[in-house]
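I opened this entry to keep a record of what I looked up, residue by residue, and of what I found for each.

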Amino acid sequence: MQNFVYHNPVRILFGEHTIAQLPTVIPQGSRVLMVYGQGSIHRNGVYQQVKTALNGWSLLEFGGLEANPHYETCLKAVEICHQETITFLLAVGGGSVLDGTKFIAAATLFAGDPWSMLADNAPVERALPLGCVLTLPATGSEMNGFSVISRESNQEKRGFGSPHLYPQFSILDPSTTFSLNDRQVANGIVDTFIHVMEQYLTTPAQAPLQDRQAEAIILTLLEEAPKVRTIPNDYAVRANLMWCATQGLNGLIGCGVPQDWSTHLIGHELTALYGLDHGQSLAVVLPGVWMFNLKLKQAKLAHYARRIWGMTEGSEETLALAAIERTEQFFRELGVKTRLSEYGIGPEAVQAVADRIKARGLTLGEQGNIGSDAVASLLTMRL
Ligand code: NZQ
Ligand code: ZN
């Protein structure tokens, strides 16, 4: 096992009616800016719950943040933070709202061009404190220090992270997720699934606890996913999906083990260039990454085939290939398409994405063997 430091300071308030506890977790006397998206919180009653909980507080609002939050929109909120001397940010929505809020928190106190935090890894030395009311289980952003921002002007999608970006608290009320549509639910399940895979499906690392923690999340997802379709108003199912998503990317299962993340980085380029949802982009790319690195990942793929899918027959290679096929089938059963052509994207995308990986000088994967040529080959398999 590799050495690691694990410190996660996020206070989780999980369960029904927890939004009412907001006044107990936001520092008294704060000037709060509530940040939200394009209106879902007005339709599902979450906005009103927050307003009721914070009645009497100094509370300003910034609505309109997009899915895949735009850099340009976030900068407008930064201006408000300066003008109104905001001291606390409250994100209310999905991962995009939370990521946008993290960026606003950092950019408000950043001296210099804020894009450099995303493009040049300029260190984030401080940020406004923030908290979150999460309404969409997917990203794990509610319990991590990462954020992904999209810049419209040059179609770039970039991530950054800092210990200063952990929310002080995250309120996870599964009943806020009843209003999600099938596509958003399926995207969230795929995103959670692939967060786990980026930290699990690499090379054997003699870390059986982390393996089993990852497998626990995957097996729970496989059990709960079909239920959310047939009994969409079941609170327990929503609660399990929400907790799986948080556990998938709060750093725990990644302690001391190799990590991949190539599916995410390639997927972000597909979203930036062609507008695929985050979950959709991942479902397209993952089988390609696994096929490209079949030899490297064969032992872990076979282990995954046995542990998750109960497969026992055949060679290591046969098991590995069967696991890749079964995984893609799982995405399709959720209703998420897995081929570029199914999203109307043609062969030109292969070189366009590979060129971007080349321009950024990226070498991806747990062993750094996925450069631009590799990206072109694996995307060709996904046309
Ligand atoms: O904008 P509103 O009106 O709120 O609508 C949103 C949006 O249209 C809607 N929605 C959210 N909660 C809802 C709801 N609709 C009905 N009922 C509810 N309860 O859902 C749509 C999608 O929301 P979004 O926040 O974009 O989805 P998600 O949570 O999947 O976030 C995706 C973003 O997170 C980034 C992605 O790249 C993408 O930009 N990621 C962030 C990560 C992190 N910070 O650690 C890791 C992830 O891998 C990912 O990259
Ligand atoms: Zn993701």
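Is Trp261 buried, exposed or partly exposed? I noted before answering that this is a predicted model, and I then found that Trp261 counts as partly exposed, because its relative accessibility is 21% and the buried class stops under 20%. I located Trp261 in the loop between α9 and α10, and I wrote down its phi of about 70°, which is positive although Trp261 is not a glycine.

**Another positive phi**

I also checked Gln155, whose phi is near 50°, again a positive value in a residue other than glycine.

**Ligand 1**

Which residues come nearest to ligand 1? I counted 32 residues around the ligand, and of these Ser40, Gly95, Ser96, Lys157 and His195 come nearest. Sorted by class, the shell holds 21 polar, eight nonpolar and three charged residues.

I then went through polar contacts made by side chains. For Ser96, a side-chain N or O atom is 2.5 Å from an oxygen atom of ligand 1. For Asn68, a polar side-chain atom lies 3.0 Å from an oxygen atom of the ligand, and for Asn144 the distance between a side-chain N or O atom and a ligand oxygen is 3.0 Å. As for cover, ligand 1 has 960 Å² of accessible area on its own, and the protein covers 89% of that area.

**Helix α9**

I compared the length of helix α9 (residues 235-248) with expectation: at 1.5 Å a residue, its 14 residues should span 20 Å, and the end C-alpha atoms are 20 Å apart, so the two values agree. I also checked cover, and I found α9 mostly covered, with ten of its 14 residues buried. Among the buried residues I noted Arg238 and Gln247, along with Val237, Leu241 and Met242.

I looked up Thr192 in helix α7, where a relative accessible area of 2% makes Thr192 buried. A polar atom of the Thr192 side chain lies 2.9 Å from the backbone oxygen of Gly188.

Thr135 and Gly95 are 40 residues apart along the chain, and I recorded a separation of 8.4 Å between their C-alpha atoms.

Last, I checked Thr220 in helix α8 (residues 208-230), which is partly exposed, with a relative accessible area of 26%. How far apart are the C-alpha atoms of Thr220 and Pro114? I wrote down 39 Å for this pair, whose residues are 106 apart along the chain.

Methods. Residues are numbered from 1 along each chain as its sequence is written. Chains are lettered from A and ligands numbered from 1 in the order in which they are written. This is a predicted model: local features need pLDDT of at least 70, side-chain atom pairs count only at pLDDT 80 or more; totals for chains, interfaces and linings use all residues. Side-chain values use heavy atoms; hydrogens and water are left out. A residue is near a molecule or strand if one of its heavy atoms lies within 4 Å of it. A polar contact is a pair of N or O atoms within 3.5 Å; within protein, one must be able to donate a hydrogen and the other to accept it, and residues adjacent in sequence count only if both atoms are side-chain atoms. Accessible areas come from the Shrake-Rupley method with a 1.4 Å probe; for residues, only the protein chains shown count as cover. Ala, Val, Leu, Ile, Met, Phe, Trp, Tyr, Cys and Pro count as nonpolar, Asp, Glu, Lys and Arg as charged, and the others, Gly among them, as polar. Helices (H or I, at least four residues) and strands (E, at least two) are DSSP runs, numbered from the N terminus. The expected span of a helix is 1.5 Å times one less than its number of residues. Buried means under 20% relative accessible area, exposed over 50%, partly exposed in between (1.4 Å probe, protein chains only).
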